[in-house]
Amino acid sequence: MPQRNVLDPLLFLAYVNDIWRNVETTIRLFADDCVIYKKIINNEDIDSLQKDLDRLGEWAAENAMKINPSKCKAVRFTRARVKNPLNYTIGDQFIPEASSCKYLGIIFRSNLSWANHVGYTVKKAWKALHFIMRILKKGNSGTKSLAYMTLVCPILEYGAACWDLYREGQIRTLDRVQKKAAKFAYHVSESNWETLLQRRKISRICALFKAYSGE
């Protein structure tokens, strides 16, 4: 198929759709992202996960699909202070250990902190806000407000049901972006917008309702 063809994504999904077969560990697929994970309690769990990684390597060889180990990461999520090094391999190549990983736009840190994700989100949001401030410098309040809600607010709220914050310092870091946007749009530090804290709370409640109701 020629590149950038509209059928490419569909054909790729059909091609990798059976990657999960014969794999006992939990595996998640989204487009070309593949995540495999398991709760590790003892050495048997480590061996089980490695066997499934070997099966993935065999699947790739059978289907002429190359897996680049340099783009793979092994991340351990724990608060334990003493940690043994991770020695997982795929296709006879070592998988490098990392302290964090980015999955579907959210950065997960090995110590279960959201500091990396908040820093990434704030940096991206400031970049979008400064772009709006340059383009709409002479715009009216309604246009500026709409631009913020359309281009910046989704960045600040993406996946918020997953990473909703409780540390005051991180909350203030996010709030500074909205306060700056309110001052730009209405020339005041506060506006009639819902606070980001309120919006994250609503997002979390909606996510819990959907999970509970099966929607």
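Helices, of at least four residues, and strands, of at least two, are DSSP runs that are numbered from the N terminus, and in this predicted model those labels will guide each selection below.

Begin by selecting Leu 112, which is found in the loop between strand S6 and helix H3, the latter covering residues 115-135. Although Leu 112 is not a glycine, its phi is positive, at about 65°, and with a relative accessibility of 45% the residue counts as partly exposed. From there, move to Leu 104, which sits in the loop between strand S5 (100-103) and strand S6 (106-109). Leu 104 is likewise a residue other than glycine with a positive phi, here of about 55°, and its relative accessible area of 34% makes it partly exposed.

The next stop is a hairpin. Select residues 26-30, which are strand S1, together with residues 33-37, which are strand S2, and you will see two strands that pair in the antiparallel sense over five bridges. Within this pairing, Leu 29 stands opposite Cys 34 of S2. Two residues separate the strands of the hairpin, and in that turn Ala 31 has a positive phi of about 55°.

Now turn to the aromatic rings, of which the structure holds three pairs. Show the side chains of Tyr 148 and Trp 193, whose rings form a stacked pair with 4.7 Å from centre to centre and 15° between the planes. This pair links distant parts of the chain, since Tyr 148 belongs to helix H4 (residues 141-157), while Trp 193 lies 45 residues away in the loop between helix H6 (168-186) and helix H7 (196-213). Are Tyr 148 and Trp 193 buried or exposed? Both of them are buried, and the cut-off that applies here is a relative accessible area under 20%.

Finish at the surface, by selecting Val 6, Leu 7, Leu 10 and Leu 11, which form a nonpolar patch with about 400 Å² of accessible area together. Of this group, Val 6 lies in the segment before helix H1 (8-16), and, with a relative accessible area of 75%, Val 6 is exposed.

Terms used. Residues are numbered from 1 along each chain as its sequence is written. This is a predicted model: local features need pLDDT of at least 70, side-chain atom pairs count only at pLDDT 80 or more; totals for chains, interfaces and linings use all residues. Side-chain values use heavy atoms; hydrogens and water are left out. Two strands pair if DSSP finds at least two bridges between them. Rings of Phe, Tyr and Trp (its six-membered ring) pair if their centres lie within 6.5 Å; planes under 30 degrees apart count as stacked, over 60 as edge-to-face and the rest as tilted. Buried means under 20% relative accessible area, exposed over 50%, partly exposed in between (1.4 Å probe, protein chains only). Patches are made of residues with over 30% relative accessible area and no salt bridge: like charges are joined within 9 Å, nonpolar side chains (Val, Leu, Ile, Met, Phe, Trp, Tyr) within 5 Å. Accessible areas come from the Shrake-Rupley method with a 1.4 Å probe; for residues, only the protein chains shown count as cover. A salt bridge is a side-chain nitrogen of Lys or Arg within 4 Å of a carboxyl oxygen of Asp or Glu.
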